[in-house]
Amino acid sequence: ASKIAKKQKVNILTGIIDPRPSFKNNFKFTDFIISNGLESRDYFNQFIEHIFIYYTYHLVKPIEKLSFENKKKIILGYHGNKIHLDAMFPRVTDAINALANEYDVELWAMYNIKNLGYWKLPEKKNFLFNVKHIQYSQENYFNYIAHTDIGLIPQFIPLKNNNLLNYMIGSLDKKYNESLSDYFFRFKVTTNIGRHLVFAQYGIPIISDMSPSACNFINDGVDGYLAHHSKSWYGCLKSLIKNKKFREKMGKMLREKFDSYASPEVQNKNLIDFLLNLKKNNRKLES
């Protein structure tokens with residue numbers, strides 16, 4: 001389509017929104033791409049220079065946060081793909097299990113139960129905390145996710161860290177100072193902060209895996225937490241669970257960041273500026 005458009009009007013700007021790695025295109029007739037995160041931008045920078053990041057997320061129905069002054073149970077919230085629920089085991093679930101010995105915690109997990117079936121791990125592993133399974137729907141963001149206390153955002157694909165793996169991917173003489181304590185992260189090109197921004201709209205504090213997009217978005221310890229190891233997840237969760245005022249403060253900071261960073265109004269303005277600058281520079285090249 002972009003090739004045809006260029007033939008019809010040479011100086012027209014053509015762009016592709018949210019392409020995927022499997023997308024068969026050499027981008028020869030494409031002037032720009034709109035991606036959904038740093039990971040995607042980095043990947044497609046191999047093929048094209050001009051890329052604008054537009055954060056995609058569910059724009060949820062606003063709600064007046066309910067008062068939980070007398071509530072003893074802490075509700076941990078998750079929404080997203082069932083795959084990421086599986087990926088929580090054992091790093092994140094171990095942390096929640098440890099906390100379940102000290103606090104009354106419950107996990108509310110919203111995912112597509114109708115199409116994917118129930119998440120079976122809670123039954124198989126006999127978690128010490130209860131899991132409430134919630135069918136994914138736009139309405140259930142308002143009905144359930146809005147009423148959680150802490151948002152959980154696992155993003156990594158599990159990797160078994162073992163000596164054989166370290167040997168196979170390392171250098172023979174350890175010229176890069178490889179160590180068994182090195183981090184091994186695996187994540188998709190499509191990794192982004194869409195799930196973060198739902199919790200942000202509700203002012204719910206979050207703990208996230210340390211993906212590039214999450215690290216770029218979260219000011220750790222101020223408007224959210226970044227964690228990887230189980231003990232780190234445990235520490236971040238505990239600091240939020242034991243201090244309600246701190247939870248509220250962190251959630252408020254996250255909401256303010258959403259308003260100034262990723263609201264539709266802010267992103268649309270930035271996109272228009274990007275396109276106008278691209279058009280202006282394109283005219284300079286033609287003259």
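Me: How do you know that S4 and S7 pair, and in which sense?
Reply: Two strands pair if DSSP finds at least two bridges between them. S4 and strand S7 (residues 150-153) have two bridges, so they count as paired. The sense is parallel. In S7, Gly 151 is the bridge partner of Gly 77, and Ile 150 stands opposite Leu 76.

Me: What should I know about the source of these values?
Reply: This is a predicted model: local features need pLDDT of at least 70, side-chain atom pairs count only at pLDDT 80 or more, and totals for chains, interfaces and linings use all residues. Residues are numbered from 1 along each chain as its sequence is written, and side-chain values use heavy atoms, with hydrogens and water left out.

Me: What makes a stretch a helix or a strand, and how many of each are there in the chain?
Reply: Both are DSSP runs, numbered from the N terminus: helices are H or I with at least four residues, strands are E with at least two. The chain has 13 helices and nine strands.

Me: Which strands make up the open sheet that holds S4, and in what order?
Reply: The order is S6-S5-S4-S7-S8-S9, six strands with parallel pairing. Strand S6 (130-135) and strand S9 (225-227) are the edge strands, as each pairs on one side only. From one strand to the next, the twist averages 25 degrees. Helix H9 (residues 194-202) packs on this sheet and touches S4, S7 and S8. The direction of H9 makes about 140 degrees with that of S4. Such angles run from 0 to 180 degrees between N-to-C directions, with axes fitted to C-alpha atoms, for helices over the stretch in contact.

Me: What joins S4 to S5?
Reply: Six bridges, running parallel, join S4 to strand S5 (residues 105-111). Trp 108 is the partner of Gly 77 in S5, and Met 110 is the partner of His 79.

Me: What joins S7 to S8?
Reply: Three bridges pair S7 with strand S8 (residues 206-209) in the parallel sense. Gly 151 stands opposite Ile 206 in S8.

Me: Why is helix H4 described as largely enclosed?
Reply: Eight of the ten residues of H4 (residues 91-100) are buried, so the rest of the structure largely encloses it. Among them are Val 92, Ile 96 and Leu 99. Their cover includes S4, S5, S7, S8 and helix H11 (230-241). Contact here means heavy atoms within 4.5 Å.

Me: Why is Glu 265 called exposed?
Reply: Its relative accessible area is 58%, and the label applies over 50%, so Glu 265 is exposed. Glu 265 sits in helix H13 (residues 264-286).

Me: What makes S1 and S3 edge strands?
Reply: Three strands form an open parallel sheet in the order S1-S2-S3. Strand S1 (15-17) and strand S3 (51-53) each have a single partner strand, so one side of each lacks a neighbour in the sheet. The twist averages 15 degrees from one strand to the next. Three bridges join S1 to strand S2 (residues 32-35) in parallel. Gly 15 stands opposite Phe 32 in S2.

Me: How much of the chain is buried?
Reply: Buried residues make up 43% of the 287 residues.

Key:
Buried means under 20% relative accessible area, exposed over 50%, partly exposed in between (1.4 Å probe, protein chains only).
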